[in-house]
Amino acid sequence: MGFFNKIKETLFGQSTKQNERYVAGLDKSSTNFSSRINALAARYREINDAYFEELEDILIMSDVGVNMVMTIVDEIKKEVRLGNITDPGEINDIIVDKMFVIYANDTFMTTKINYAPQGELTVILMVGVNGAGKTTTIAKLAHKMMKEDGKTVMLAAGDTFRAGAIDQLVVWAERLGIECVTGKEGGDPSSVVFDGVKRAQEKGIDVLICDTAGRLQNKVGLMRELEKMNRIIQRSVPDGPQETLLVIDATTGQNGVSQAAEFSKITNVTGIVLTKMDGTAKGGIILSVKDTLNIPVKFIGLGEKIDDLQEFDLEQYIYGLCHDLMG
Ligand SMILES: Nc1nc2c(ncn2[C@@H]2O[C@H](COP(=O)(O)OP(=O)(O)O)[C@@H](O)[C@H]2O)c(=O)[nH]1
Ligand SMILES: [Mg+2]
């Protein structure tokens, strides 16, 4: 198994910082997933239909998503037939391999931020429902861009709807030592974004990250609001926004996936941030998001601290989820 051996060689038993973050952050998912699959292998003497049914259940319970589960299990069945495999103990590496291959599915999914050329402003819109983790992710992302990419960052408090949302972002900006452009609570979010773009350009800032209110229950209103923001940004930054990142709470499972589908109909989402991966035992949601939307997961949130945002790395992710299957 190509992929299985590759991660085993490159990641197993290693402990880099990123590796540790993934393993710690995915601990709940991993325990849930790997122990069930190991228990399954222990219960069956040979691989049969009942085994595959239970395997499907485990994958579905891990939020992999029904379509994706069918594809994965079909592929595993094929491989088992081809290799004449009868011992359930031998199947773990095939499961890991198929999950990887099907995710990657020969489409190149970049996790890199699409920055504007040097000297020009990059504008990033954060969208997603209330409580998904937008504001926290903005702070984490700003921190990451400053620390790792050497960018100067400014924030715009475009969630004028929710009480306290502006202050929450301002507090983060103060902690990070950066400027946050604000407007009045209840005011027009587009005018905050307008002011933000103007201010960032005046000051020669590299990146402006804009918070928004995610009122999915008022779809038409939200669509208009986001269209207006896009128009206003494009007046000053013709290629902007360079990214519209949709923030999804991983603990909401398949609900989160349907939310993502709704958002992608409303506006042009360029990447997904899956937050609270540390809080879910159903880490398979990443595969489901990919299958349903075909939008790259660019970042995952693995905790509440400022440096708990990680670029999504498929190998680290599969390793974090499946390392107990690789012993
Ligand atoms: N455990 C955990 N909590 C998170 C993560 N991201 C955000 N949160 C928490 O989720 C809650 C809501 O986040 P917030 O940024 O206010 O969401 P918003 O309404 O979309 O702006 C806060 O308590 C955050 O600390 C994460 O990756 N892991
Ligand atoms: Mg918020």
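1. Surface. The protein has an accessible surface of about 14,300 Å². Carbon and sulfur atoms account for 47% of that area. Areas come from the Shrake-Rupley method with a 1.4 Å probe, and for residues only the protein chains shown count as cover.

2. Basis. This is a predicted model: local features need pLDDT of at least 70, side-chain atom pairs count only at pLDDT 80 or more, and totals for chains, interfaces and linings use all residues. Residues are numbered from 1 along each chain as its sequence is written, chains are lettered from A and ligands numbered from 1 in the order in which they are written, and side-chain values use heavy atoms, with hydrogens and water left out.

3. Overall form. The C-alpha trace spans about 70 × 40 × 30 Å along its principal axes.

4. Burial and contacts. Of the 327 residues, 54% count as buried. Buried means under 20% relative accessible area, exposed over 50%, and partly exposed in between (1.4 Å probe, protein chains only). Take the contacts between residues at least 6 apart in sequence: 77% of them join residues at least 24 apart. A contact means heavy atoms within 4.5 Å.

5. Secondary structure. The protein holds 13 helices and eight strands. These are DSSP runs, numbered from the N terminus: helices are H or I with at least four residues, strands are E with at least two.

6. Charge. There are 36 positive and 46 negative side chains. The centres of the two sets lie 5 Å apart. Lys and Arg count as positive, Asp and Glu as negative; His and the chain ends are not counted. Each charge is placed at NZ of Lys, CZ of Arg, CG of Asp or CD of Glu.

7. Helix 12. This helix covers residues 285-293. Seven of its nine residues are buried, so helix 12 is largely enclosed by the rest of the structure. The buried ones are Ile285, Ile286, Leu287, Ser288, Val289, Lys290 and Leu293. Note that a lysine, Lys290, is on that list. What do they pack against? Their partners are helix 5 (66-82), helix 6 (92-104), helix 11 (253-266), strand 6 (271-275), strand 7 (297-301) and helix 13 (314-322). Just after helix 12, Asn294 takes a positive phi of about 55°.

8. Lys276. This residue sits in the loop between strand 6 and helix 12. Lys276 is not a glycine, yet its phi is positive, about 60°. Lys276 counts as partly exposed because its relative accessibility is 31%.

9. Asp63. Here too phi is positive in a residue other than glycine, near 70°. Asp63 lies in the loop between helix 4 (49-61) and helix 5. Is Asp63 buried or exposed? Asp63 counts as buried, at 7% relative accessibility.

10. Asp87. The loop between helix 5 and helix 6 holds Asp87. Asp87 has 36% relative accessibility, so it counts as partly exposed. Asp87 and Ile47 are 40 residues apart along the chain, with their C-alpha atoms separated by 6.3 Å.

11. Cis peptide. Gly240 and Pro241 are joined by a cis peptide bond, with omega about -15°. Pro241 lies in the loop between helix 10 (219-236) and strand 5 (243-249).

12. Cysteines. Cys210 counts as buried, at 0% relative accessibility. Cys322 also has 0% relative accessibility and counts as buried.

13. Ala24. This residue belongs to helix 2 (residues 17-25). Ala24 counts as exposed, since its relative accessibility is 56%. Ala24 and Phe100 are 76 residues apart in sequence and 20 Å apart in space, C-alpha to C-alpha.
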